[in-house]
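Hi everyone, thanks for coming.

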Amino acid sequence: MAEPIIKVEDVWFQYSPEVVALKEINLEIHSGEILALIGQNGGGKTTLAKHFNGLLKPTKGRVLVAGMDTKETPTHKIVAKVGYVFQNPAHQIFMSTVYEEVAYGPRNLELSEEEVDRRVKEALKVVGLEGTEEMHPYDLDYGKRKLLTVASVLSMNPEVFVLDEPTTGQDHVGRRVLSDLCIKLNKEGKTVVVITHDMRFVARTAKRVVLMAEGRILKDGPVEEVLYDYETLRKAFIRPPQVVELNLKVGKFPEKFLTVDEAAEMIRGILKSR
Amino acid sequence: MEEYPVIVEDVTYSYPTRENVLKHISFKVKKGEVLGIIGPNGAGKTTLCLSLNGIVPQFFGGRMSGKVIVAEMNTFEHTIAELSTKVGIVFQDPLDQLSGIATTLEEEVAFGLAMLGFPKEEIDKRVEEAIETVGLKGLEGRSPYELSGGQQQRLAIATVLAVKPEILVLDEPTAQLDPIGKFEVFETIKELAAGGQTIIVAEHEIEELATFADEIIALYDGEMVLKGEGKKVLSSVERLKEIGVDPPSVTELTHLLRNELEISQDEYPITLDEAIKLYGEVLK
């Protein structure tokens, strides 16, 4: 098997002597994966994700990004591999037009103006914001502003995308647009890591799920395995998607399903075969 | 005779910088009932909430026609201060609600009451009651900033409840919270509803709302596109999808299977429990 793009080896992290945020984390993420990081606030999700691009360095243990130790490698080399989309767009947006915002990253990579222009156009196209180049970022609605933050990471062309709670504050359409975008990036070969509290989003988007609580990984596995582990989820106070709960509580379905469409298809099949 | 603490009649409103954010909105809320407001971001949910204690239009300006009557007061004829004693509003982000100067939970809850000039004994009594109601008893001496998101939002609810408003308005109270926080806040709202509090709540968490809302209205681009009993509105699957709102998963599932199951729209389940019953029978 190929070397993982991100390798977390026995990582501990302390914000202060009293606050141990990560305990004994071991995790391998391979190129091309799409995974969700779930768990309550304070459980360590964001702290762990910030280790993926060197924003935080382990107190103990090590993190390798494309084989590079984040403690010994200049941050700009790590950041070029792993892009981080922050939860609050206001923490990321600082230029006065959409174009300049998306151009900022590639300009810092000292690319030619033609290459910068090409990347900006491409990134805006992928997130569906073509035509807004000259607008002020704050004239975009909240959902579009979120897409802009994805575009400004996309223009850096990283291999790995980390999205920190992209669904918070989004309405249902916004959540679906972001889910589609994650799937699209993944199909284009990007590795995608999404932190979220929305289990319907997880079921629709992710193939692998890592559940964290109290600084540890409680469960790591394929999405249908983790979302059907009712007991472990309950320990972390998480309810699975409603159709999963329906499947578990009715207890008569021949197989697992994760989405409304999958459930409908299975039930239709059962009714037809009678 | 039925009592209606909230009467909204043909309200149309424009902010100084945005036209027709609400268009011809009319509804009434019965005493002791819960009204849910659903709809995509930008549909007018927050503006409608703010119109219920006069902040819209008194604070924001703009133009408003029609009328809003809360606790028998016309919002055009009373000050925001007067209206606020009858209509308590809880915002999306608890940090917007907290005073920023209180060092303990008790002080935070007492702050609003002191501003309103209540005597000390009454303040003490109400603070204790409100903190107990939202399940924060035992944490009275903590700093509001040492609380989790769910606890902060429950504290925000307590500060509003302490004033004993006739009507409690919550504008996406769980949007910024993690699953535990959402659970805690929904439990608090359900208890208040069971206790007969009149509640208006804007929410994206439709599957939760389905378990306790008596009536629901759906807004889209400033218009009220659906209105009625919770079950009726949430079963309007196609209309909801058109405006970008996902109905409860079990309702959508049943709609997809309506021909096979030979089920009519008024029999759709809207909660998990109803769906477990239906599909338990179907698969027997």
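In chain B, the C-alpha centres of domain 1 of chain B and domain 3 of chain B are 29 Å apart, with domain bounds taken from an automatic or database assignment. Before I go on: this is a predicted model, where local features need pLDDT of at least 70 and side-chain atom pairs count only at pLDDT 80 or more, while totals for chains, interfaces and linings use all residues. Residues are numbered from 1 along each chain as its sequence is written, chains are lettered from A and ligands numbered from 1 in the order in which they are written, and side-chain values use heavy atoms, with hydrogens and water left out.

So, who touches whom? Eleven residues of domain 1 of chain B contact 13 residues of domain 3 of chain B, contact being heavy atoms within 4.5 Å. Together the two domains bury about 930 Å², 60% of it on carbon and sulfur atoms; that is the accessible area (1.4 Å probe) that two parts lose on being put together, summed over both. On the domain 1 side, Lys231(B), Ser235(B) and Val237(B) lose the most area, together 50% of what that side buries.

Now the charges. There are two salt bridges between these domains, each a side-chain nitrogen of Lys or Arg within 4 Å of a carboxyl oxygen of Asp or Glu. Arg258(B) and Glu238(B) form a salt bridge through their side chains, at 3.8 Å, N to O.
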